Amino acid sequence: AGPSVRLSPAARSLFDEPLAIAVQGLGPRQEVTLRTSLRDELGELFQACARYQAGVDGELDLGRCPALPGGSFSGLEPMGLLWALQPQKPFWRLVKRDVQSPFLLQLEVFEGHGDPPGRLLAQAQHERAFLRDGVRRVPVREGRIRATLFLPPGNGPFPGIIDLYGTGGGLPEYRACLLANYGFAVLALAFYNYEDLPKEMKELHLEYFEEAVNYMLQHTQVKGPGIGLLGISKGGELCISMASFLKGITATVVINASVANVGAVLRYKDITIPPLGGDTKRIKVNKSGIADIVDALNNPLEGPDRQSFIPLEKATCRFLFIVGQDDRNWKSEFFAVEGSKRLQAHGKEKPEMVCYPAAGHYIEPPFFPMCAASMHMLVGRPVVWGGEPKAHCEAQIDAWQQIQAFFCKHLMGKPSGTSSKL
């Protein structure tokens, strides 16, 4: 019959779920190269490959067989062929633009460990989906709000969360939609560079975000009395501002966020928070033209920059700070520690903090390949994001559990059954 690929689940899985990969029908101790390929919606190709040797029985199970040196990774890595996917175009990050269609993963088995690989022995295709059956995707155009609401299957109301991304703008939906698969009503909220919203991030008004909070609080499918916030990077920093000034927020999770306002003036009623200063001379550019911007921002504890520190001590919610300790975008760990000190200095409960030693800036849902460097909208050139691929992947898996457990505990009153594995 010849070799064949066995996948479990066989045809389709959710993007954040593990996928078991095995090859059967090989010769005893046969050497093979496995390659995965995936194209994003703009046609850009991502690939990973690994070298293996089958067992004496001609079976190759990635859950039991370590990859040999010479490929994209080595060692026992059952999901390595997914987290090690790398763009063939430089500085390209894998994002999902249309959550209603799956990514198509192509898996090929080649003879030997040559480069280029030998003869094709077997192949398979697999769909990596974002929407669980029954999850409803509802575009929201109410008042000024530009957003998409994801509602889980079944009868609500469900605990509600607003999900924010960073300076890339637009309306990324993939994290919100994956989170809705677990029983949360999640609103992916755009705040600039989308439809009729401002094209540039010069000035942000919290009244816009307040409208989104009120939309969720009044929604029949959203369980009160408060909602959760989830944000990464600039989106995380906006979540801290929302929690500090707006009512109705119970739990806030921020991933690699700043505790100072960055990049645009922030206004709310008669309050103005200026953006944190910085110095472009502190940006280091390497021979490839990639910038390291981690030292560019000023210290928000010093001089006039103190006015940029968000008054998070006004917040009445619980906080979870998720920190990649190798974040090269900005000093996420420093920000989280200073935010924690400030909360405690004002008699507030100490926030939860989870730090991942070799994780970079873009801590995404599980199995998104780590993006080492890509274009930064505000800097106008590629920047390095930090992180080591394997450790970063493990951080994403753990952080995803931490986020869900935190929201379960504070929005549903359920004890969290997960403890940090790292």
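Predicted model: local features only at pLDDT ≥ 70, side-chain atom pairs only at ≥ 80, totals over all residues.
A residue counts as buried when its relative accessible area is under 20%, as exposed when it is over 50%, and as partly exposed in between (1.4 Å probe, protein chains only). Residues are numbered from 1 along each chain as its sequence is written, and side-chain values use heavy atoms, with hydrogens and water left out.

Ser233 has a phi near 60°, a positive value in a residue other than glycine. Ser233 sits in the loop between strand E15 (222-232) and helix H4 (234-245); helices (H or I, at least four residues) and strands (E, at least two) are DSSP runs, numbered from the N terminus. Arg29 is another such case, with a positive phi near 55°. Its place is the loop between strand E3 (20-24) and E4, and with a relative accessible area of 48% Arg29 is partly exposed. For background, most residues other than glycine have a negative phi, and most peptide bonds are trans. The bond from Asp115 to Pro116, however, is cis, with omega near 5°, and Pro116 lies in the loop between E8 and strand E9 (120-129). The bond from Gly156 to Pro157 is also cis, with omega near 0°; here the proline is in the loop between strand E11 (147-151) and strand E12 (158-164).

Now for the strands. Six of them make up an open sheet in the order E2-E9-E8-E4-E5-E7, with mixed pairing; two strands pair if DSSP finds at least two bridges between them. At the edges are strand E2 (12-14) and strand E7 (86-87), each of which pairs on one side only. Strand E4 (residues 31-39) runs antiparallel to strand E5 (residues 45-53), and nine bridges join the two. Within this pair, Glu31 has Gln53 as its bridge partner, and Thr33 faces Arg51. The hairpin of E4 and E5 leaves five residues between the strands, and Gly43 there takes a positive phi near 85°. E4 also pairs in the antiparallel sense with strand E8 (residues 103-111), through seven bridges, and Leu38 stands opposite Leu105 in that pairing.

A cavity is a set of points where a 1.4 Å probe fits but cannot get out, whereas a pocket is an open set with protein on both sides within 12 Å along at least five of seven lines; lining residues have an atom within 4 Å of a point. Grid points are joined across faces, edges and corners, and a volume is the space filled by probe spheres set on the points. The largest pocket holds about 1,100 Å³. Its lining takes in 44 residues, with Thr167, Gly168, Met375, His376 and Met377 nearest the centre. Strand E23 (residues 373-376) is the biggest contributor to that lining, giving three residues. Sorted by type, the pocket lining has 23 nonpolar, 15 polar and six charged residues; Ala, Val, Leu, Ile, Met, Phe, Trp, Tyr, Cys and Pro count as nonpolar, Asp, Glu, Lys and Arg as charged, and the others, Gly among them, as polar. Both domain 1 (4-129) and domain 2 (136-412) supply at least three residues each to the pocket lining, with domain bounds coming from an automatic or database domain assignment.

Cavities of 30 Å³ or more number two in the whole structure. The largest has a volume of about 40 Å³, and its lining includes Arg175, Glu364 and Trp400. Helix H6 (residues 389-412) gives the most to this lining, with three residues, and the lining as a whole has six nonpolar, no polar and two charged residues. The second largest cavity has about 30 Å³ of space. Among the residues around it are Tyr165, Pro172 and Phe191, and its lining splits into five nonpolar, three polar and no charged.

Finally, the cysteines. The structure has zero disulfides, a disulfide being a pair of cysteine sulfur atoms within 2.5 Å. Cys239 is in none, and the nearest cysteine sulfur, in Cys317, is 9.6 Å away. At 0% relative accessibility, Cys239 is buried.

Technical notes:
1 Å grid on protein atoms, 1.4 Å probe; cavity = no way out; pocket = protein on both sides within 12 Å on 5 of 7 lines; lining within 4 Å.
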